[in-house]
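Colleague: I have a model open and want to go through it with you. Can you take my questions as they come?

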Amino acid sequence: MTTTYSPELQLFLTGRSLLQTEIPYPEELIQHHLEKGYITSSPGLTKQTCERCGNTAAHRFASFPCANCQKSCTYCRNCIMMGRVSTCTPLYTWIGPAPPFKIKGSPLVWEGSLSPGQQTASEKVKAAIQTKSEILIWAVCGAGKTEVLFEGINEALKQNLRICIATPRTDVVLELAPRLQKVFPSIQVAALYGGSEDRHIFSPLTISTTHQLFRFNKAFDVIIVDEVDAFPYSYDKTLQFATKKATKKSAATIYLTATPNEKWQAECKNGKRPYVTIPARFHRHPLPIPEFTWCGNWKKAFEKGKIPSPIEKWTQERLRQGKQALIFLPNIKLMKKTAPYFQKLHTGIDSVHAEDPDRKAKVEKMRKKETPILLTTTILERGVTFPNIDVAVIGAEDGIFTESALVQISGRVGRSAQHPNGTITFFHYGRTKAMNKAYSHITQMNKEANERGLIDA
Ligand SMILES: [Zn+2]
Ligand SMILES: [Zn+2]
C-alpha cells in the first residue's frame with residue numbers, strides 16, 4: 001500500500017458511512033482509494049436490513065425499477081429523506097489512517113463554577129470517560145446539565161478522543177453548539193441537523209441530532225445522549241441503532257435526562273445501571289410541587305361552552321396579578337375549542353401547538369411578556385424557559401400526560417434564580433398512577449437534595 005491518499009477525502013470520510021451521492025469528490029478519486037484500500041464499500045441493504053438506519057420492518061421497504069442495476073431494486077423507506085439506500089447502492093467508509101488531531105494543552109476556557117450537585121456528576125462523567133464506561137446523569141429540570149459535561153469533554157479532548165453530543169431535537173443542537181464553541185474556543189465545534197452547513201467538518205466535538213447519526217460509523221470515542229427519554233428517540237429503534245453504529249466499540253456512553261423511563265428507574269434502584277442524580281437546581285431552591293385540584297367533568301363543561309369554575313378562578317387570579325402562565329391541554333382539538341372561552345377572559349390569551357406555523361413567533365411573544373397566558377399542547381413540555389410563570393395542566397388524568405410529561409411540565413416553573421418559585425396545578429377528574437408517580441418523583445428529588453445539603457431550606 002502506498003501512502004498516497006487525499007487528506008481531504010480522509011477528513012471527509014473518516015467515521016462516516018455515506019452513499020456515493022453524498023461524497024463531493026470525483027468517482028475516480030473514490031475508486032482509486034477503494035483500490036488502494038483506504039476506503040471500503042459495503043452493501044446498503046443486506047437480508048432485509050438497512051445498513052444505514054437498521055430498519056428491518058418489511059413494510060418500511062419498497063421496490064422500484066432501478067436504472068442503475070436494471071432490476072427491480074429494493075430500497076429503505078425509513079431513511080429515504082437522507083437519499084435512497086437500495087440493494088445496489090453501497091455505503092463508503094474510510095479505513096485508512098486516522099486523521100491527526102492538533103489539540104494542545106487544556107482547551108476548556110470557562111470562568112463559571114459548578115454547584116456541589118453538578119460537581120459530583122461532573123466527576124462521574126470524567127470517570128466514565130477515563131474508564132470508557134456508561135453512566136446515566138439523572139438531573140432535575142433546571143439543574144444545569146450542560147456545565148456538567150465541560151470537564152469530561154475537556155478530558156476527552158486532551159486524550160485526542162472524538163466526542164459527540166446527540167439530541168433528538170434540532171432546537172437543542174442550535175442552543176448547545178454556540179455554548180460549547182464558546183468554552184472550547186480553540187477547536188471547531190460541528191453542529192449537525194437537517195440542512196446544516198457543517199457536514200464537511202471533521203471535528204473532535206460534534207453536536208448532532210440523533211437522525212444525523214445515520215451517516216456515521218464507528219466515529220466516536222465518547223457519545224453523550226441528551227434527553228434519552230424524549231420522542232422520537234425513545235420510540236424509534238432505528239435512532240437507537242444509529243447511536244450505537246456511530247460509536248466505537250470501546251466508547252464511553254453518557255446518558256442525560258430529567259425523566260428516565262420506568263425500566264431505567266428500576267434498573268437504577270436495583271443497582272443494575274450506573275447513574276448519578278443531580279436532585280437540585282443550580283439556584284438551590286427546591287422544585288415546585290404539583291397541587292392536585294379536582295375540577296369535575298371538565299370535558300362536559302367545555303362542551304357546554306364553559307370553563308370549569310376552579311380553572312376559571314385560577315386563570316382570573318393570574319390575570320389579576322399580572323403573572324404569566326402556561327396552560328397545558330391534552331390535545332389540539334380541545335385547545336382549539338376552548339381557546340375562545342379563555343379569550344373572553346382576556347383577548348391577549350394565545351394558543352400554540354406542534355403544527356402551528358406561528359409557533360416560534362408565539363413563543364417569542366410569550367418570552368417578551370406580551371402574552372399573559374399561553375395555552376399549549378405537550379409541545380412546550382420541555383426545552384423552554386420562561387422566567388416567572390405559573391403552570392396548570394387541564395385534564396391531568398389524560399393518557400398523554402405520562403409521569404415523564406408531568407415531571408417535565410412541572411419543571412417549567414421556578415427556573416430562574418430571580419423567580420425560583422411558582423405554582424404548578426394539575427386540574428383533574430380522577431387521579432392517575434402517572435400523576436401520583438410524578439408527584440413522588442418530584443418530592444423524592446427534593447428530599448434527596450435536602451439530605452445531601454444541596455438546597456437552602
Ligand atoms: Zn434505512
Ligand atoms: Zn439497483
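Colleague: Which residue stands opposite Ser 41 in strand 6?

Modeller: Ser 41 stands opposite Tyr 92 there. Keep in mind that this is a predicted model.

Colleague: Parallel or antiparallel, strand 1 and strand 6?

Modeller: Antiparallel, over 5 bridges; strand 1 covers residues 39-43.

Colleague: And how many residues of strand 6 are buried?

Modeller: Of its 5 residues, 4 are buried, so strand 6 is largely enclosed by the rest of the structure.

Colleague: On to the metals. Which residues are the protein donors of the zinc ion (ligand 1)?

Modeller: Cys 50, Cys 53, Cys 76 and Cys 79, each through SG, at 2.3 to 2.4 Å from the zinc ion (ligand 1).

Colleague: What is the geometry of that site?

Modeller: The site of the zinc ion (ligand 1) is tetrahedral, with angles of 104 to 113° among its 4 donor atoms. For reference, the ideal angle for four tetrahedral donors is 109.5 degrees.

Colleague: How are those donor residues spaced in sequence?

Modeller: The spacing for the zinc ion (ligand 1) is C-x2-C-x22-C-x2-C. Cys 53 and Cys 79 link distant parts of the chain, 26 residues apart. Cys 53 is in the loop between strand 3 (49-50) and strand 4 (61-65), and Cys 79 is in the loop between strand 5 (72-76) and strand 6 (90-94).

Colleague: Is Cys 53 buried or exposed?

Modeller: Cys 53 counts as buried because its relative accessibility is 0%. Cys 79 is buried too, at 0%.

Colleague: Now the zinc ion (ligand 2): which residues coordinate it?

Modeller: Cys 66, Cys 69, Cys 73 and Cys 88, again by SG, at 2.2 to 2.4 Å. Their spacing in sequence is C-x2-C-x3-C-x14-C. The site of the zinc ion (ligand 2) is tetrahedral, and the angles among its 4 donor atoms are 103 to 119°.

Colleague: Where do Cys 73 and Cys 88 lie?

Modeller: Cys 73 lies in strand 5 and Cys 88 in the loop between strand 5 and strand 6, so the pair ties together parts 15 residues apart in sequence. Cys 73 counts as buried at 2% relative accessibility, while Cys 88 counts as partly exposed at 23%.

Colleague: Different topic. What is the strand order in the open sheet of 6 strands?

Modeller: The order is 14-19-18-15-17-16, with parallel pairing. Strand 14 (291-294) and strand 16 (350-352) are the edge strands, each pairing on one side only. On average, neighbouring strands of this sheet are turned by 20° against each other, ignoring direction.

Colleague: How many bridges join strand 15 to strand 17?

Modeller: There are 4, and strand 15 (residues 324-328) runs parallel to strand 17. Phe 328 stands opposite Thr 376 in strand 17.

Colleague: Which strands does helix 11 lie across?

Modeller: Helix 11 lies across strand 15, strand 16, strand 17 and strand 18 (389-394). The helix runs at about 135° to strand 16.

Colleague: Last one, backbone. What is phi for Lys 369?

Modeller: About 65°, a positive value although Lys 369 is not a glycine. Most residues other than glycine have a negative phi. Lys 369 is in the loop between helix 11 (359-367) and strand 17 (373-376), and counts as exposed at 56% relative accessibility.

Colleague: And Lys 218, what is its phi?

Modeller: Lys 218 also has a positive phi, near 45°. Lys 218 sits in the loop between strand 10 (205-209) and strand 11 (220-226).

Note on methods
Residues numbered from 1 in each chain as written. Chains lettered and ligands numbered in written order. Predicted model: local features only at pLDDT ≥ 70, side-chain atom pairs only at ≥ 80, totals over all residues. Heavy atoms only, no water. Donors = N, O, S within 2.8 Å, 3.2 Å for Na, K, Ca; no water. Tetrahedral: all angles 85-135°; square planar, octahedral: opposite > 155°, others 65-115°. Helix = DSSP H or I, 4+ residues; strand = E, 2+ residues; numbered from the N terminus. Buried < 20%, exposed > 50% of the residue type's maximum accessible area, 1.4 Å probe, protein only. Pairing = 2+ DSSP bridges. Axes fitted to C-alpha atoms, helices over the stretch in contact; angles between N-to-C directions. Contact = heavy atoms within 4.5 Å.
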